[in-house]
Amino acid sequence: MRVLHFYKTYYPDSWGGIEQVIRQMCVGTSRLGVSNEVLTLTRNGGPAQMEIEGHTVHRVPLDFEIASNAFSFAAIRRLARLARKADVIHYHFPWPFMDLAHFMARVNKPSLVTYHSDIVRQKTLLRVYTPLKQRFLKSVDTIVATSPNYMASSPVLRRYRHKTRTITYGLDRTIYPEPRAEVMEKWRAECGERFFLFVGVLRYYKGLHILLDAMAGLDYPVVIVGAGPIEQELKEHAARLNLHHVKFLGAVEEEDKIALLKLSYAMAFPSHLRSEAFGISLLEGAMFGKPMISSEIGTGTTYINVDGETGLVVPPSDAPAFREAMRQLWENPQMAADMGRRAEQRYWELFTAKAMAENYLKLYQELAHRKQHGV
C-alpha cells in the first residue's frame, strides 16, 4: 500500500501541529505496512528528497504566497508524477492551492482529505475560493473530520456529511525522547517546577493576548514556548501589563519542550477562534498527565479537555474567566492532580497514534478496494 500525502509545509522546514499529525500518521501506518511519501513546499532550499523516520519527503520550491496560500508550479508536475505510483492520495485541508493542483495534475486515484480546519480569517478571499473548494471536496472520495465536535459544528462538513467520517488525531508516546537529567535541571533552575505552560506557534488565533490579560493582577509563573508572527506584539503587551512573571522562551528543541511539559503544573491554552481545530500541544499536555485550561470554541480542544474532568473550559475571549480558572487550579493542587491523571487516561483511551494509524489503514484499504472493484 503506497500513500502520498500532500501539504504545504512539513519537517524539517516547519514544526506546527498539522506537520506533527502527518508525521504521526506516516510513522504509525508504516508500522502496519504502508509505504508513505509526503509532497511539500520549501522556502529554505536544501535537498529535493529526504528520508525521515521511515518515509520519503519530496520538497519543491515555494514560488510565492497570497494571504498565507503558498503556490508552487513545480508541485503540480511533481504531484502528477508521484500520484501515478500511489495507491491512495491523502490531502490535508485547508490549502486552496492544493485544490487547484489536484485538478491541474489530473489526479485519478482514490483520494481522501483530512479536514483540519475551516477557513476562518480570509472571509473576502473565501468567497472567491468557495466554488473551487466545493468542487474539490465533492471530487475526493472521503473527508475525515478530526473530532466529533468539529464534525458537529462545521457548516462545511455538514454539507458533506454523507461522505465524512471521524478519525481523531493520535500521538505516539514512545517517539518522544526522555529528557536528559542535565536538561531537566537546566529548565528546573530557569522556570521552577510549578508553572502554567503554553506551547505553540504564536499566531493570532492562539488567544495569547487573553492569557496575558488574565495574568494582570496575578503572580503565577507562566512559560510561553514558541515563536511566530505576533511574538513581538505579545512581548510588548506583556511589558505594558508589567508581567515580569511571564517568560517567553521562543522556539526550543524537542527535548527541551518535553522537559518543560514534564516540569509544568498545568497547560494554559487560550485559543479563541475556530482556526484552532484541535490543539496538538493540548493533547501533548494530556499525554503527560497535565490538567488543562481551554476555551469552548466548538472544536477538538473540548474533545481533548472535558470541563470538570480533565481540566477547566471557559468562554472564549473571556480573560476574567480564564483568570478564575487559573486560580482554581493553582489553589487546589489535589484537584489539579486528579484532573491530570484523568487527562492521561483519556489520552490512552482515545488519542494514541496506534488507534489513529489503524483507522487510517482501514480507510486506505477501503478506498483502494473500491477502485479495484469499480465501486
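This is a predicted model: local features need pLDDT of at least 70, side-chain atom pairs count only at pLDDT 80 or more; totals for chains, interfaces and linings use all residues.
Helices (at least four residues) and strands (at least two) are DSSP runs, numbered from the N terminus.

Tyr11 and Pro12 are joined by a cis peptide bond, with omega at about 0 degrees. Pro12 belongs to the loop that runs between strand 1 (2-6) and helix 1 (17-30). Another cis peptide bond links Phe93 to Pro94, and here omega is about 15 degrees. The loop holding Pro94 lies between strand 7 (88-93) and helix 3 (96-104).

Positive phi angles come next. Ala67 is not a glycine, yet its phi is positive, at about 50 degrees. This residue sits in the loop between strand 5 and strand 6 (69-71). Ala67 counts as partly exposed because its relative accessibility is 39%, a value between the 20% and 50% cut-offs. Ser317, also not a glycine, has a positive phi of about 60 degrees. Its place is the loop between strand 16 (311-314) and helix 13 (319-331).

Together, Phe64, Ile66, Phe73 and Leu125 make a nonpolar surface patch of about 380 Å². Why is Phe64 partly exposed? The relative accessible area of Phe64 is 33%, so this residue is classed as partly exposed.

How much area do domain 1 and domain 2 bury between them? The figure is about 2,000 Å², of which 60% is on carbon and sulfur atoms. On the domain 1 side, Asn149, Tyr169 and Leu171 lose the most area to domain 2, and together they account for 29% of what that side buries. The interface size is often given in this way, as the accessible area lost when the parts come together. One salt bridge is counted between domain 1 and domain 2. A salt bridge also pairs Asp118 with Arg274, whose closest N and O atoms are 2.8 Å apart.

Notes. Residues are numbered from 1 along each chain as its sequence is written. Side-chain values use heavy atoms; hydrogens and water are left out. Patches are made of residues with over 30% relative accessible area and no salt bridge: like charges are joined within 9 Å, nonpolar side chains (Val, Leu, Ile, Met, Phe, Trp, Tyr) within 5 Å. Accessible areas come from the Shrake-Rupley method with a 1.4 Å probe; for residues, only the protein chains shown count as cover. A salt bridge is a side-chain nitrogen of Lys or Arg within 4 Å of a carboxyl oxygen of Asp or Glu. Buried means under 20% relative accessible area, exposed over 50%, partly exposed in between (1.4 Å probe, protein chains only). Buried area is the accessible area (1.4 Å probe) that two parts lose on being put together, summed over both.
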